[in-house]
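Please read the following briefing alongside the sequence and the coordinates. The points are grouped by topic.

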Amino acid sequence: MIPLLLSLPVILMLNFKTFATLGLTAAALAIAPNAEAFTRYGSLTAQEFEDRNVEVVLSPESRWGDGGVSARTHEVNIHRSDFSTADQSNYRWENGEAVNFSVVFDGINTLTYTIGDTVLQTTEVEDNFSDLYLRTSAYRAGSSMTLTNMTFSNGGTTEAIDDVASVCDSGCGFFDASYYHIGDIVGAFSLTGQSMMSWDEEGPLPTNSRLAYQVKLVYGDGDIVSTPEPGSMLGLAGLALGAITAGKGKKKDA
């Protein structure tokens, strides 16, 4: 039978053991990686994006055009970091029409970009992506570019993504673009949603990427989230062990 009253030395010993266990457990948890599949970091400006100086590997893109009538350009593509295209196609946009889109990575080497019934694909992916930056831009007065009704799936988790939009009244340029950051991506993922382009049919029409959106895929965007370095965590563990040792010494001296 357990006695109802414990002696003071026993209580001190239990408190000491509890402190030691909690201290070492906290240190281990702090060193362990975050198990959450991805993080919605949210909106940022064009200047904030430029300041991060990230390396964009691939960018699925949709941009305004005449649907191939002029035969001078294309409207949808997957372009590389040097802006050469891994795949491209024409697409006829309707003013103010919502168009379904998706960007899907199989976690191995294939990226698929679907716009309406048009499917683009590349198998040039060499590694898993860690971050996405959604970008909308509208340079012409009276135009707007909106991404809406979006969801992102990764690691068995699916979450809604905030709308991203750029609206131009007048005098718009490169640094008026809007961005949204999704990070800490591991393995296969899918982004789905709708895009809507609107423009003033009476004024100068947009051209190419002056009315567009991109999904910028980045490897290892490590500057965004700061985590404790292993050395500092070992230091904390050392402090905890030091406190434990000191506690033992004090008990012996008592």
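In this predicted model, Ile-78 stands opposite Asp-87, a residue of strand 4. The two strands concerned, strand 3 (residues 76-80) and strand 4, pair in the antiparallel sense over four bridges. They belong to an open sheet of seven strands, whose order is 1-12-8-14-2-3-4 and whose pairing is antiparallel.

**The sheet and its edges**

- Strand 1 (39-45) and strand 4 (85-89) stand at the edges of this sheet, and because each has a single partner strand, one side of each is left without a neighbour in the sheet.
- Neighbouring strands of the sheet are turned against each other by 15° on average, with direction ignored.
- In general terms, the strands of a sheet pair through backbone hydrogen bonds, and the pairing can be either parallel or antiparallel.

**The chain as a whole**

- The protein chain contains three helices and 14 strands, and 37% of its 254 residues count as buried.
- Among contacts in the protein chain between residues at least 6 apart in sequence, 71% join residues that are at least 24 apart.
- The accessible surface of the protein chain comes to about 14100 Å², and 54% of this surface belongs to carbon and sulfur atoms.

**Aromatic pairs**

- With ring centres required to lie within 6.5 Å, the count comes to twelve aromatic pairs.
- One of these pairs is formed by Phe-129 and Phe-189, with 6.3 Å from centre to centre and 70° between the planes; since an angle over 60 degrees counts as edge-to-face, this pair is described as edge-to-face.
- The pair links distant parts of the chain, 60 residues apart, with Phe-129 in the loop between strand 7 (118-122) and strand 8 (131-138) and Phe-189 in strand 13 (residues 189-198).
- Both Phe-129 and Phe-189 are buried, and both belong to a cluster in which ring pairs link Phe-38, Phe-105, Phe-129, Phe-152, Phe-189 and Tyr-219.

**The disulfide**

- The count comes to one disulfide, which joins Cys-168 to Cys-172 with an S to S distance of 2.1 Å.
- The link of Cys-168 and Cys-172 is right-handed, with 110° about the S-S bond.
- Cys-168 has a relative accessibility of 1% and therefore counts as buried, the cut-off being under 20%.

Definitions and conventions
Residues numbered from 1 in each chain as written. Predicted model: local features only at pLDDT ≥ 70, side-chain atom pairs only at ≥ 80, totals over all residues. Heavy atoms only, no water. Phe/Tyr/Trp six-rings, centres within 6.5 Å; stacked < 30°, edge-to-face > 60°. Buried < 20%, exposed > 50% of the residue type's maximum accessible area, 1.4 Å probe, protein only. Contact = heavy atoms within 4.5 Å. Areas by Shrake-Rupley, 256 points an atom, 1.4 Å probe, with all protein chains shown as cover. Pairing = 2+ DSSP bridges. Axes fitted to C-alpha atoms, helices over the stretch in contact; angles between N-to-C directions. Disulfide = S-S within 2.5 Å.
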